Amino acid sequence: MGHAPVQESVEQAMTTHGALAAWVSEVAALTLPENIRWVDGSAQEYALLTDHLVNEGTLTRLNPELFPNSFAAFSDPKDVARVEGRTFICSEKESDAGFTNNWMEPAAMKAILDEKFAGSMRGRTMYVIPFVMGPLDAEDPKFGVEITDSAYVVASMRIMANIGSEVLRKLEETNAFFVPALHSVGAPLEDGQQDVAWPCNEEKWIVHFPEERAIFSFGSGYGGNALLGKKCFALRIASVMARDEGWLAEHMLILKLTSPENKNYHVAAAFPSACGKTNLALLEPTIPGWKAETLGDDINWMRFGKEGELRAVNPEAGLFGVAPGTGWATNPNAMAAIVKGNSIFTNVALTDDGGVWWEGMTTEVPAHLTDWQGQDWTPESGRPAAHANSRFATPIDQVDMLSSDYFSPEGVEINAIFFGGRRKTTIPLVTQARDWTHGIFMGSTLSSETTAAATGAVGVVRRDPMAMLPFIGYDAGDYLKHWIELSGKANQDRLPKIFLVNWFRRTATGGFAWPGFGENSRVLKWAIERIEGTADAVETPIGFVPAPGSLDLDGLDVAPSDVVDALKVDPEEWEAELAGIDEWYARFGGSLPAEMAAELAGLKQRFAA
């Protein structure tokens, strides 16, 4: 198997961007691919790629009448979620990675990666994907180039980011810096070796070098492990850029709300994966006269504007949502976007008529499916048909409720920030922070019961600061300090108000105290009325909760006792919660901001009183 075509490809397709050309040559010499392809991002290229993936058995073409130009993929059962235990931040100093990240000395890690990537693309095509996060005409566009040996990754990146020739031309014209992101499934092919439908490696490494702004991913072909513009760049590396440049890279949705008085508000909300972020981003309000539009469901980059206001943009081009729980009853806006087609589904079930299905998609369960592992499935099978972390990747411009502001390079002003997790007890439906610093305290102690979005046990309460626990690219204490210090740049009158929410509080009998989904618009309405000074609240030790009668419950069929349960602040439950926060804050050591220690002390005093 010769490599002359590769060298020729490097020379012929060489970009005029010197640093990029050198990097591509270096990677080709290390990984030894059979061919190199510079991705142009065109529809023709996408058609060729997906045809190839169908022929290889990686993709299944769906019924075009049900899901036009859409495909289903099925991963190796050992490659189904983010691998946080194999994810590293290799900063020059271990202290800069902090306790929330795995760390290894950079030179030692590079020696391992050099060995893993050596020859890793043998027998495969090496794809070079130029991409930009956010609008190409932004004042400061953030470029990346992903090199991968996975056509599935190329097809998925076309949905999730702005990729291809136009990006490359802009990169060349401005000789811009780019984040190099190298990915290999780690499954080289020898002469005559038959490929498998989902190549991957038992050994996985997801590695970030923050000072160099570089990403290396080896062994996994799945989701956030392989689509390196997503969590790796947009959060882990971007959070370090944001720290150094004075902005915020956050795991947040962006939602526009318009009141019956035709006044616009923009809210950002941070929730751990699989806790309803996409559902809230695509909210269908149930209260008359209110309108919702989305700008994004997962990533939010925020900078202070010329007047000291906090402005947000979504740097992604697609939705990469958890499929189970997304359905016509719970999230019709997501479903309407999905059925327009042009989507890639991963680890969902197949219907007998060439469609896809997952738990919660429809109220009626199909009589027969092929499950995500290729087995026959019926409702009596006693196992889920779709994997709990199965996904849909869908272009965001197919969302009917997409705000035109999504395309604005300047972004939108944020009026409120919501933090929320999945808790059965303790945390009320909604609490307003006393001020910005108290809001950061709420975010820093955010907790949720774990879901299937990451490997490991499910249902364990873990702290997840700002829903960024797996994504902070540097020390968590310094991250909180950055939040505190940034507010000094702001117009204090225009700082967003901060709220803590919990849609998942249970009643004494075990049912949900709040119906959630579209009814969450009632909570958002109360928050906006608090911003406007028109809604009443009761002060509690943890902050302000809705006063009786201040939450709009008109037309809502919910027992008054359930609303009381949803809003309850129980000192006994908080006794255990305070102990949990103590334990959590102890892990920060000397990097915990003094302001956060003071907030905890104040909370204890208020409960003691």
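**Close-up views of a predicted model**

**View 1. Helices α12 and α17 pack against each other.** Helix α12 (residues 436–444) and helix α17 (residues 594–608) pack at an angle of about 90°, and their axes are 10 Å apart. This angle makes α12 roughly perpendicular to α17. The structure shown here, as in every view, is a predicted model. Two packed helices are described by the angle between their axes and the distance between the axes. From α12, the residues Thr437, His438, Ile440, Phe441 and Ser444 take part in the contact. They meet Glu595, Met596, Glu599, Leu600, Leu603 and Arg606 of α17. Sorted by class, this contact of α12 with α17 has five nonpolar, three polar and three charged residues.

**View 2. Four strands form an open sheet.** The order of the strands is β11-β15-β16-β24, and their pairing is antiparallel. At the edges stand β11 (248–250) and β24 (412–413), each with a single partner strand, so one side of each has no neighbour in the sheet. Strands of a sheet pair through backbone hydrogen bonds, either parallel or antiparallel. Strand β16 (residues 310–313) pairs with β24 over two bridges, in the antiparallel sense. Ala312 has Val412 in β24 as its bridge partner.

View 3. Helix α13 (residues 476–486) lies across β11 and β15 (300–304). The helix runs at about 125° to β11.

**View 4. Cysteines are shown without disulfides.** The count of disulfides comes to zero. For a disulfide, two cysteine sulfur atoms must be within 2.5 Å. The closest cysteine sulfur to that of Cys90 is in Cys232, 12 Å away, which is too far for a bond. Cys90 is buried, with a relative accessible area of 1%. Cys275 also counts as buried, because its relative accessibility is 1% and buried means under 20%.

**View 5. Two asparagines have a positive phi.** Most residues other than glycine have a negative phi. Asn69 is not a glycine, yet its phi is positive, at about 50°. Asn69 lies in the loop between β2 (59–61) and β3 (71–73). With a relative accessible area of 37%, Asn69 is partly exposed. Asn342 has a positive phi as well, near 55°. The loop that holds Asn342 is between α11 (332–338) and β18 (344–346). Asn342 counts as partly exposed, at 29% relative accessibility.

How values were computed. Residues numbered from 1 in each chain as written. Predicted model: local features only at pLDDT ≥ 70, side-chain atom pairs only at ≥ 80, totals over all residues. Heavy atoms only, no water. Axes fitted to C-alpha atoms, helices over the stretch in contact; angles between N-to-C directions. Parallel < 35°, antiparallel > 145°, perpendicular 65-115°, else oblique. Contact = heavy atoms within 4.5 Å. Nonpolar A, V, L, I, M, F, W, Y, C, P; charged D, E, K, R; others polar. Buried < 20%, exposed > 50% of the residue type's maximum accessible area, 1.4 Å probe, protein only. Pairing = 2+ DSSP bridges.
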